[in-house]
Amino acid sequence: MRKKIIAGNWKMNMTSDVARDLVDGIKAKLPNPLNADVVVCPPFTVLKSVADRIAGSAVDLGAQNMHWEKSGAYTGEVSPEMLRDVMCNYVILGHSERRAYFGETDEMVNRKAKAALAMNLKPIICVGETLEEREADKTKQVVETQVRGSLAELGAKGWADAIIAYEPVWAIGTGRTATPEQAQEVHAFIRSIVRDMAGAALADAMRIQYGGSMKPDNAKELLSQPDIDGGLIGGAALKADSFLAIVQAAC
Ligand code: PGA
């Protein structure tokens, strides 16, 4: 059985004092037993203070982006090694906001994924279609291209460590969630592509998260779909109560 994974994508929110309060609130009320991996992904500037705060707890740490190079003249960038240095175990890559506003391509996401894996960071690789693409009946085509491009040549260990997040762009931050059936259909399709690329065993083990307006009141239904293995949560991850309710729904 795949262990569910709930990750909070804080995006460009939180200064250190609010971030500490949020993780304290999450830590204090984690479900017991906890049958899911719980990850918070704060902005770079508060990674260290959040890392100190969650040390020894069941909450794990991820970043929201990184560069593929180890070090050097890349003003403004952060390397995989730097993320390890502040105790990150995960990194979100290729989020649709990075693709849309910062020009990230599948090739860049693939370079980042390989660099992350080489530093033992688990990449959460995001894919998903826009509303226009869905309405033009291109969802599968777009998602297949993104999966094949972003996850090319990861190797067996890479496939085992990588996580995919299916995030329909039209559902992100809009309050408009994919129905469980719509999400399940794409998740099953993604798993079939992984099967083709990496074989049945790795495809069966691959965790595929759903993201896009996942909230306490829709989490249970989404998470009970056979191919939905967790959530990547934006807005609802900024408050301990709503984030914890989604974690509870996964347990
Ligand atoms: P949302 O964001 O939950 O606010 O829709 C999800 C994401 O962008 O990862």
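Begin this tour of a predicted model by selecting helices α11 and α12, whose crossing is right-handed. Their axes lie 9 Å apart and the two helices pack at an angle of about 20°, which makes α11 roughly parallel to α12. To see where they meet, show the side chains of Pro-216, Ala-219, Lys-220 and Leu-223 in α11 together with those of Ser-242, Ala-245, Ile-246, Ala-249 and Ala-250 in α12. Coloured by class, this contact of α11 with α12 shows seven nonpolar residues, one polar and one charged.

From α12, move on to α1, which passes α12 in a right-handed crossing. The axes of α1 and α12 come within 9 Å of each other and cross at roughly 35°. Select Leu-22, Gly-25 and Ile-26 on the α1 side, and Ala-240, Phe-243 and Leu-244 on the α12 side, and you have the residues that make the contact. This contact of α1 with α12 divides into five nonpolar residues and one polar, with no charged residue.

The contact is made by Ser-16, Ala-19, Arg-20, Val-23, Asp-24 and Lys-27 of α1, which meet Ser-49, Val-50, Arg-53 and Ile-54 of α2. Here the residues of the contact of α1 with α2 comprise four nonpolar, two polar and four charged. The axes of these two helices, α1 and α2, come within 9 Å and cross at roughly 30°, and that makes α1 roughly parallel to α2.

Now centre on α2 itself, residues 47-54, and select Leu-47, Ser-49, Val-50, Ala-51 and Ile-54, which are buried. The elements that cover the buried residues of α2 include α1 (16-28), β2 (36-41), β3 (59-63) and α3 (80-85). Following the chain just past α2, stop at Gly-56, which takes a positive phi of about 80°.

In the loop between β1 and α1, select Met-14, which has a positive phi of about 95° although it is not a glycine. Is Met-14 buried or exposed? Its relative accessibility is 19%, so Met-14 counts as buried. In the loop between α1 and β2, select Pro-33, and inspect the peptide bond that joins Asn-32 to Pro-33, which is cis, with omega near 5°.

Return to strand β7 and select Arg-207, which lies in that strand. Arg-207 has a relative accessibility of 12% and therefore counts as buried. Leaving aside neighbours within four places in sequence, Arg-207 is in contact with Arg-2, Lys-3, Lys-4, Ile-5, Asp-37, Tyr-90, Ile-163, Ile-164 and Asp-229. If you draw a distance from the C-alpha atom of Arg-207 to that of Leu-34, 173 residues away along the chain, the separation is 17 Å.

Next, go to helix α5, residues 106-118, and select Leu-117, which is buried at a relative accessible area of 13%. Apart from residues up to four places away in sequence, Leu-117 touches Pro-123, Leu-154, Gly-158 and Asp-161. A line from Leu-117 back to Ala-219 spans 29 Å, C-alpha to C-alpha, and the two residues are 102 apart in sequence.

Finish in the loop between α7 (139-150) and α8 (155-161), where Glu-153 is placed. Phi of Glu-153 is near 50°, a positive value in a residue other than glycine, and Glu-153 is exposed, with a relative accessible area of 69%.

How values were computed. Residues are numbered from 1 along each chain as its sequence is written. This is a predicted model: local features need pLDDT of at least 70, side-chain atom pairs count only at pLDDT 80 or more; totals for chains, interfaces and linings use all residues. Side-chain values use heavy atoms; hydrogens and water are left out. Buried means under 20% relative accessible area, exposed over 50%, partly exposed in between (1.4 Å probe, protein chains only). Helices (H or I, at least four residues) and strands (E, at least two) are DSSP runs, numbered from the N terminus. Contact means heavy atoms within 4.5 Å. Axes are lines fitted to C-alpha atoms, for helices over the stretch in contact, and angles run from 0 to 180 degrees between N-to-C directions. Angles under 35 degrees count as roughly parallel, over 145 as roughly antiparallel, 65 to 115 as roughly perpendicular and the rest as oblique. Ala, Val, Leu, Ile, Met, Phe, Trp, Tyr, Cys and Pro count as nonpolar, Asp, Glu, Lys and Arg as charged, and the others, Gly among them, as polar. A crossing is left-handed if the near helix is turned anticlockwise from the far one by less than a right angle, and right-handed if clockwise.
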